[in-house]
Amino acid sequence: GGGGGAATSAAAPMFSLDIVRRNFRTSFPRDSITAVKSTAKTLYIGTAAGRLLRWNSTAEIFEEVFLRSHASKTPEGSAIYKIFVDSKTRDALVVLRSYEYFYIHSASNSASHSQQHYPLRPRHLRKLSPLRIESV
């Protein structure tokens with residue numbers, strides 16, 4: 001005894017899968033993607049031309065900024081090499097091919113306290129330039 005009864009309940013699934021369609025090739029028509037990093041709600045895409053796209057999936061906010069190398073005279077120096085993202089704050093450290101570093105604060109796209117939108121304002125971290133950071 002004590003097996004199952006005739007009562008069955010159709011519980012809602014714990015997770016659901018939604019397809020998000022974004023044509024990133026229209027954002028980067030002649031540019032190649034060189035780095036991608038994501039957190040639970042934010043996706044960062046870096047390109048060979050030094051373009052950084054940040055997509056906040058909950059607020060449906062797309063932001064784009066150009067990161068230019070101050071040290072390299074060639075366009076290759078501005079290519080985004082790596083992106084490191086803090087999973088709790090969604091702050092990012094972006095590394096260019098020329099080993100220049102930019103800090104991107106998460107509050108620029110956060111609409112949690114207000115509906116006001118703040119543009120991306122990367123901060124060039126000149127003091128880190130002599131270093132070769134490969135992981136955070």
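User: What should I know about the model before we start?
Analyst: The model is predicted, so local features need pLDDT of at least 70 and side-chain atom pairs count only at pLDDT 80 or more, while totals for chains, interfaces and linings use all residues. Residues are numbered from 1 along each chain as its sequence is written, and side-chain values use heavy atoms, with hydrogens and water left out.

User: How many salt bridges does the structure hold?
Analyst: There are three, where a salt bridge is a side-chain nitrogen of Lys or Arg within 4 Å of a carboxyl oxygen of Asp or Glu.

User: Which residue does E64 pair with?
Analyst: E64 meets R51 at 2.5 Å, N to O, and the pair links strand β4 (residues 61-66), which holds E64, to strand β3 (residues 51-56), which holds R51, 13 residues apart. Strands here are DSSP runs of E, at least two residues, numbered from the N terminus.

User: And R51, buried or exposed?
Analyst: R51 is buried at 15% relative accessible area, whereas E64 is partly exposed at 38%; buried means under 20%, exposed over 50%, and partly exposed in between, with a 1.4 Å probe and protein chains only.

User: What about E63, which residue is its partner?
Analyst: E63 forms a salt bridge with R54, with the closest N and O atoms 3.1 Å apart; E63 is buried at 5%, and R54 is buried at 1% relative accessibility.

User: Switching over, where do E134 and K82 lie?
Analyst: Their closest N and O atoms are 2.9 Å apart in a salt bridge, and because E134 lies in the segment after β8 (123-124) and K82 in strand β5 (residues 80-85), the pair ties together parts 52 residues apart in sequence.

Terms used: Helix = DSSP H or I, 4+ residues; strand = E, 2+ residues; numbered from the N terminus.
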